[in-house]
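I open these notebook entries with the sequence and the model side by side.

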Amino acid sequence: MCGFVVFVHFTSGDLSFSIPEEMRPGSVVGNLAKDLGLEVGKLSTRKARIDSEEKYQHYCDVDFKTGNFVVKERIDREELCGEKVSCIVKFELVLENPLELHRILLLIQDVNDNSPVFPKDTIKLEIRESADKGTRYRVNEAHDADIGRNTVKLYSLQNNEHFVLSIREDSDGSNNVELVLDKELDREKEHDLNLVLVAADGGNPQRSGTAVIHVTVLDANDNAPVFSQAVYKASLPENVPSYTVVATVNASDADEGVNGEVTYEFSRISERARKVFSLNTKTGEIKVTGIIDFESNSKYEMRVDAKDGYGLSSDCKVMIDVTDVNDNAPVIYLKSMKNPIAENVMPGTEVGIINVQDRDSDNNGQVRCSIQDNVPFKLVPSIKNYYSLVTTGQLDREIISDFNITFIATDGGSPPLSSSKIVQLSVADVNDNPPVFEEQSYSAYVTENNKSGSTLCSVTARDPDLKQNGTVIYSLLPGEVNGAPMSSYLSINGDTGMIHAVRSFDYEQFRNFKVYVMARDNGSPPLSSNVTVSVFITDMNDNSPQILYPSLESNSFMTELVPKAAQGGSLVSKVIAVDADSGQNAWLTYHIVKSTDPGLFTIGLLSGEIRTQRDILESDSVKQNLIVSVKDNGQPSLSASCSMYLLISDNLAEVPDLKDVSYDDKYSKLTSYLIIALVCVSTFFLTFIIIILGVRFCRLRKPKLLFDGAVAIPSAYLPPNYAEVDGRGTLRSTYNYDAYLTTGSRTSDFKFVSSYNDDTLPAHQTLRKSPTHFFEASADSDISPQVRIPE
């Protein structure tokens, strides 16, 4: 069994105060802070308030500035308590944080604010002149609403020669006021007498009331009416219908005629009783004429006079008891409630106090209180009719943010009456939930060469807390990319989670990286969570193919020798190119866009290998010029082109002057060279003959290389960032071309090294170049030819 500790201080009759009625509003009753040992400043912070029954709620209040218990509205003791000797009003002082309850008993003291009042201003008596001395005649006593010494204490009669006043106290405490005949009457001298009767109370200052006794002198009336009972008692349940007969008083008179006719009237009755009861003057029936409410007044007392036709009277007491009926349902009062309540409160925390009241009595006023079962709360009974509402489990605002708690109060009457009260209790948010990203990780794809400020992706985190506890702020965690801080590459919008590029990315520098994003709420203390965002840079076709062979970096041109015996399909040369892009952007294709003899050579679409399409014929031109275009597969496609110069010859002796070979991509310049060459031939014909003879003479004297040394063969240069892509676009290891010239011989020797490729033309032989004339020199004589001999 689980027990709950309720930190509520209940006391019974903690404070008692006594004040006179009719005090002015604002009057101080007492100092609650001092009497209870509380700091005045804490009354406001602890939400001090005065609670009481609804009809007493407006009478008193607490002053937060001074801690005084003050009168809020004029208090009339007679209105509140009627004829009750003790008039006590009950209040409760409720304090919160922690919850505390103090009961206050306020005794309302009577002040002399009411004067004695006779039932009638004129009292009529009819006395026969034959009345004997000492005869007594009863007079209705005066009534004073005040109590104690402030009620009627003294009667006095105007001086006269016939009557004196006699006051006699009955056993029930009431006064019996009688006129005593002190001297016989003489009707012949005085038919009527008017006497002034004064009733005075014992208050200070003293108040009084008067009545005139009108005495009519008649003939003899020997007998006064006599009641059958000195005290009549009756009992009736509350809420009886109007005109219900409560009791019937009966008095008889032994006289006959007018002297024996008896009439009845109330001689002493309170205003409250006069509103609910009536008396039939002839029959003596007392009937209900108003609403009988046990809770307002459970007992009534009154006196009834019986008079005969000539003024002789007697009285009796009527006592009416009202029995309780279960006509009042319990009333639920919410004395205190912490609303809203924090969701992180511990089970057993007290959140409110309720008070249940039933105006009925005995079993009709016994109340049981409960709440529904589907809420994490329970009621713990405290002192009489007080209950504490405590938590029974952990609260979670994100699951249930509001509770509608129904309080049900049932009394013990038959049949039982019940009432209910619904209280909405809100759960206050606590920052107990960190932001949660919608995805466990994010991926962003961005094309290289993006614009600065472009959006990469968006991250979203949700926080179920409220207001600032649920406000999410995004930020990038510190990191580096290629040695540079992450903030130089990316930025994030703290409110929306949009990630933007700070700079343009280059796929060739790096292809992906990771960044960590933190989502933090604005609570105290703040909670956060992280997520990984992988950024992938996609390639863009922004790099043209780069031709590694033949090299385009120098002004010299490359020349390949093709043996005349080359058959169709023989490997002649290879164009080697690479592309810094990747994927299809780096897929290279090779095309011959222009050639001297279009049907003689072909190039591998993907390999770049230049092969003969047919056997070499004698009619084929010795000099073959090929323009090769290398294209990538990007969109749009980028390309590069180069020129290949092929010489069909078995030895260098048969090779014409290489200086006539120039790049065909400069046709306009070549035309100018040809024009200049023609002019030079015409002008310096003889000079050329002499030069040729001199050269032949030198060759006979001393054999040497055709080009005075070994031919410079450029090595294939591969930039460090280039990588082989499926064997296409880069130089394969199976193709190695070694060519060199020997010195110290009259003839030039070319060594042909076999290729690993079976399609390569085998040529294990030495070409000898016989002394011949070179072709006319080109005007651009500074270009040094390079010869590449394929194997």
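Which residue is the bridge partner of F17 in β8? I looked it up and found L106.

**Entry on the source.** I note that this is a predicted model, in which local features need pLDDT of at least 70, side-chain atom pairs count only at pLDDT 80 or more, and totals for chains, interfaces and linings use all residues. Residues are numbered from 1 along each chain as its sequence is written, and side-chain values use heavy atoms, with hydrogens and water left out.

**Entry on confidence.** I read the pLDDT (the predictor's confidence in each residue, from 0 to 100). Its mean over the chain is 80, and 82% of the residues reach 70 or more. Residues 1-13 stay under 50 and have 34 contacts beyond four places in sequence, a contact being heavy atoms within 4.5 Å. Residues 703-791 are also below 50, with 194 contacts beyond near neighbours in sequence.

**Entry on strands.** I took strands as DSSP runs of E, at least two residues long, numbered from the N terminus. Two strands pair if DSSP finds at least two bridges between them. Strand β2 (residues 15-20) pairs with strand β8 (residues 100-109) in the parallel sense over six bridges. Strand β7 (residues 88-95) pairs with β8 in the antiparallel sense over eight bridges. In β8, L105 stands opposite K90.

**Entry on salt bridges.** I counted a salt bridge where a side-chain nitrogen of Lys or Arg is within 4 Å of a carboxyl oxygen of Asp or Glu; the count comes to 21. One of them joins E265 and K307, at 3.6 Å from N to O. This pair links distant parts of the chain, since E265 is in strand β20 and K307 in strand β23, 42 residues apart.

Are these two side chains buried or exposed? I use buried for under 20% relative accessible area, exposed for over 50%, and partly exposed for in between (1.4 Å probe, protein chains only). E265 is buried at 18%, and K307 is buried at 17%.

I next looked up R303, which forms a salt bridge with D315 at 3.1 Å between the closest N and O atoms. R303 lies in strand β23 and D315 in strand β24, so the pair ties together parts that are 12 residues apart in sequence. R303 is buried at 8%, whereas D315 is partly exposed at 22%.

**Entry on E350.** I found E350 in strand β27 (residues 350-357). E350 is buried yet has no salt bridge, and the nearest side chain of opposite charge, K338, is 5.3 Å away.

Note on methods: Helices (H or I, at least four residues) and strands (E, at least two) are DSSP runs, numbered from the N terminus. Lys and Arg count as positive and Asp and Glu as negative; His and the chain ends are not counted.
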